[in-house]
Amino acid sequence: AACYRLMAEYGMVEMVANHISVRVPGTHNEFLINPYGMLYEEMTASSMLKVDLDGNVLFNATEYGVNQAGFVIHSAVHAARHDVDCIIHTHTLAGMAVSAMKCGIMPIAQSSMRFLDIAYHDYEGVALRLEERERLVASLGNREAMVLRNHGLLTTGATIAECFNNMYRLERACQLQVMALSCNTELQLPPQEVTQYTNNLMLPGVRRRFGLLEWPAMLRKLDRTDPSYRD
């Protein structure tokens, strides 16, 4: 619920669309996801839906159901990647803009170099068909982030903290790229060996697992403004 509220706080929302899921602790085939009809800013701990990988709703204290596209995307990753506990998918303006660029994510600044090895998945229409799950997983591989072409962004993480941090950084990289390309001037890119060196330093666990240090500060921010996400 805190993750949903933070996504709203930083403008990474599209009304009641998009989804964040987290694996239910101690299980391999159950995850929590938002009810299709609630705004991110409304989400609380007790309003999450619990579903399994077959699409069965195991808990629902709301009047809403599951977003089918959300189920297809998130169930695919949760089933295939047991190292992933959290998944975030967005349709931000910057993310969608970059998703339509043939160049993909450009290493134009240190923040962007974190996503030097990012996955790409070609657009197949609204993700309602179960058979797309195999192709989504194949495109993602073992990476932390993926650009869904002509669609949006997706990040994964071993924890909610890491997944949120990945999405925050990826969104910033997309915003930066859109801003830089709009300046109508030639961009200077660092040498490939420098971008690779920088990327290696940002891999999970090389220096520290990104997001774990930041997450308590994010929770303090929420608690100062509106702690109702805990309800």
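Predicted model: local features only at pLDDT ≥ 70, side-chain atom pairs only at ≥ 80, totals over all residues.

Residues are numbered from 1 along each chain as its sequence is written, and side-chain values use heavy atoms, with hydrogens and water left out.

**Exercise 1. Work out the strand order of the open sheet and find its edge strands.**

Step 1: Pair up the strands (two strands pair if DSSP finds at least two bridges between them). Strands here are DSSP E runs of at least two residues, and helices are H or I runs of at least four, numbered from the N terminus.
Step 2: Reading across the eight strands gives β4-β3-β2-β1-β5-β8-β7-β6, with mixed pairing.
Step 3: β4 (57-59) and β6 (119-121) each pair on one side only, so they are the edges.
Step 4: Zoom in on β1 (residues 19-23) and β5 (residues 86-90): they run antiparallel, joined by four bridges. V22 sits opposite C86 there.

**Exercise 2. Describe how α1 packs against α8.**

Step 1: Take α1 (residues 2-9) and α8 (residues 214-225): their axes are 11 Å apart, at an angle of about 75°. Axes are lines fitted to C-alpha atoms, for helices over the stretch in contact, and angles run from 0 to 180 degrees between N-to-C directions.
Step 2: That makes the pair roughly perpendicular (65 to 115 degrees;).
Step 3: List the contacts (heavy atoms within 4.5 Å): A2, C3, R5, L6 and E9 of α1 meet W215, M218, L219, K221 and L222 of α8.

**Exercise 3. Is I88 buried or exposed, and what does I88 touch?**

Step 1: Locate I88 in strand β5.
Step 2: I88 has 0% relative accessibility, so it counts as buried (under 20% relative accessible area, with exposed being over 50%, using a 1.4 Å probe and protein chains only).
Step 3: Leaving out residues up to four places away in sequence, its neighbours include C3, M7, L153, F164 and M167.

**Exercise 4. Which residues of α7 are buried, and which exposed residues does the face turned away carry?**

Step 1: In α7 (residues 192-201), T195, T198 and N199 are buried.
Step 2: They span an arc of only 100° around the axis, which puts them on the same side of α7 (the arc uses directions from the helix axis to the C-beta atoms).
Step 3: Turned away from that side are the exposed E193 and Y197.
Step 4: Part of the cover over the buried residues comes from α4 (110-113).

Notes
Parallel < 35°, antiparallel > 145°, perpendicular 65-115°, else oblique.
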